[in-house]
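This report describes one structural model, moving from strand pairing to the packing of the chains. Please keep the sequence and the coordinates in view while reading.

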Amino acid sequence: MKKIKMLGFCCCLFITQKSEAQELFNFAEPASNMPAKSLGIRLTNNVMDEKHLGQTTQQFLPELMWGVSKRLMLHAEGIANNSGTPFRFIGAGVYAKYRIYTQDKVHRHFRMAAFVRAAFNNGHVHYQELEVNGMNTGGELGFIATQLLHKQALSASLSYEQIGNNGNGNTIHTGNALRAINYTLSTGRLILPKQYSSYKQTNFNLMLEFLGQYQPEPGLHYLDIAPSAQFIIHSQTRIDIGFRHQLTGSMDRMATNSAMLRVEHLLFNVL
Amino acid sequence: MKKVIIIVALILSTIQSFAQIQSASLTASGLTCSMCSKSIFKALEKLPSVKSVDVDIDKSVFTIQFKEGVKVVPDDIEKAVTGAGFAVASLKMTAVFPDTKIAKDTHIDFAGATYHFLNVEPQSISGQKTFTVVDKNFVSTAEFRRFKKTTDMKCYESGKAEGCCTEGVAKGTRIYHITL
């Protein structure tokens with residue numbers, strides 16, 4: 001009942017707002033790319049309630065982002081956490097996104113992109129959840145579609161994830177899935193400013209996202225709700241704060257509740 | 001002799017100023033956020049011909065002032081916008097023209113490029129005029145189709161001089177298609 005009330009509150013919040021939306025989602029990626037010849041630095045810290053170990057786990061993901069061309073962007077990422085150990089770097093990954101379809105009109109667009117992620121990880125494998133972005137060695141291939149309509153944004157993604165054993169002898173438990181289907185549905189809205197007059201105005205966005213995973217072989221699943229807020233300072237620096245809460249699920253996970261704090265800074269036309 | 005040099009220099013500078021695109025009003029499409037707008041702003045600012053850029057973020061309109069004596073290349077403006085991740089919805093450019101007779105499908109060499117007039121009545125133009133670039137990637141697909149119906153010349157589709165261009169333009173030369 002509590003979950004239904006929370007979902008209802010979040011939906012009402014987004015339906016009743018009359019201001020504008022954005023698509024720089026906090027938990028999922030939009031189909032749009034960063035500008036060509038630009039660099040970005042993204043520092044993400046997830047604070048996770050890791051009940052299995054009875055601790056609050058910090059997961060740190062520093063990323064370097066590169067807008068290679070108008071269609072292609074690349075990320076290189078480090079992975080660190082303190083899950084059952086002192087805080088240390090346990091892996092690294094790369095992410096590429098290629099825009100495959102664009103239909104732009106004034107104040108609206110529809111875009112589609114394909115993405116691929118690959119990572120290695122030397123951390124322990126305790127859980128049934130698959131997550132190449134932080135927990136597992138493996139790869140992910142997917143597609144994203146994003147619609148921006150008079151400043152309202154809606155985005156969905158679907159991806160296939162395949163993992164292998166982690167490094168340092170951390171093998172997958174017998175019977176655990178090696179493959180999963182991930183899906184996301186995201187929407188966002190610009191709350192402030194009401195009217196743009198300068199790049200120096202701080203933007204305030206609210207986002208609501210749904211993030212799910214389905215493992216066909218053992219038939220396990222989870223679905224999370226992830227409300228978040230975003231501040232964009234000087235049209236160049238993002239500060240994201242978000243929460244992720246499991247609505248329904250049947251698999252063992254590192255955390256069913258987590259908080260996210262991210263700082264991202266873009267350097268335009270530096271390459 | 002000094003006076004002759006000064007007079008020649010003045011004449012040359014006058015010709016130079018005639019052949020100069022002075023400013024442009026660019027509307028970009030596909031964006032709403034100020035971060036997106038700023039990426040276009042920064043890309044435009046970096047073009048060698050650009051002196052300054054003013055922006056109306058809400059309307060996605062960029063007003064560009066060009067440097068004197070530096071050739072303005074409309075394709076560079078389009079690439080700056082698409083490189084930032086967006087598209088050109090409209091590009092209107094203002095220039096000072098010498099006395100020029102134009103009509104539908106007139107080609108003129110102006111400001112370092114060849115321009116082809118579409119959908120205009122026969123007339124003489126002189127002085128400051130604003131024209132709109134209507135090539136592919138400068139207008140919507142629907143507008144491109146509409147302008148395509150106004151000319152039989154193949155150069156509109158390719159953006160380059162074809163066999164249809166008989167006014168001394170070498171085949172393959174970039175041709176910008178414009179209307180008043």
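In chain A, strand β9 (residues 203–215) and strand β10 (residues 220–233) run antiparallel and are joined by 13 bridges, where strands are DSSP runs of E with at least two residues, helices are DSSP runs of H or I with at least four residues, and both are numbered from the N terminus. A:Leu208 has A:Pro227 in β10(A) as its bridge partner. Two strands count as paired if DSSP finds at least two bridges between them, and antiparallel pairing of this kind closes a barrel of 12 strands in chain A, in the order β1-β2-β3-β4-β5-β6-β7-β8-β9-β10-β11-β12. From one strand to the next the twist averages 20°, with axes taken as lines fitted to C-alpha atoms and angles running from 0 to 180 degrees between N-to-C directions.

The model is predicted, so that local features need pLDDT of at least 70 and side-chain atom pairs count only at pLDDT 80 or more, while totals for chains, interfaces and linings use all residues. Residues are numbered from 1 along each chain as its sequence is written, and chains are lettered from A and ligands numbered from 1 in the order in which they are written.

Chain B holds 5 helices and 8 strands, which follow one another from the N terminus as α-β-α-β-β-α-β-β-β-β-α-α-β. Of its 180 residues, 36% are buried, that is, have 20 or more other C-beta atoms within 10 Å of their own, C-beta atoms being placed from the backbone.

Contact between the chains, with residues counted if their C-beta atoms lie within 7 Å, takes 22 residues from chain B and 26 residues from chain A.

| Element of chain B | Residues |
|---|---|
| β1 | 21–29 |
| α2 | 34–45 |
| α3 | 74–83 |
| β4 | 87–102 |

α2(B) gives the most to the side of chain B that touches chain A, with 6 residues.

Key: Two residues are in contact if their C-beta atoms, placed from the backbone, lie within 7 Å. A residue is buried if 20 or more other C-beta atoms lie within 10 Å of its own, exposed if 12 or fewer, and partly exposed in between; C-beta atoms are placed from the backbone.
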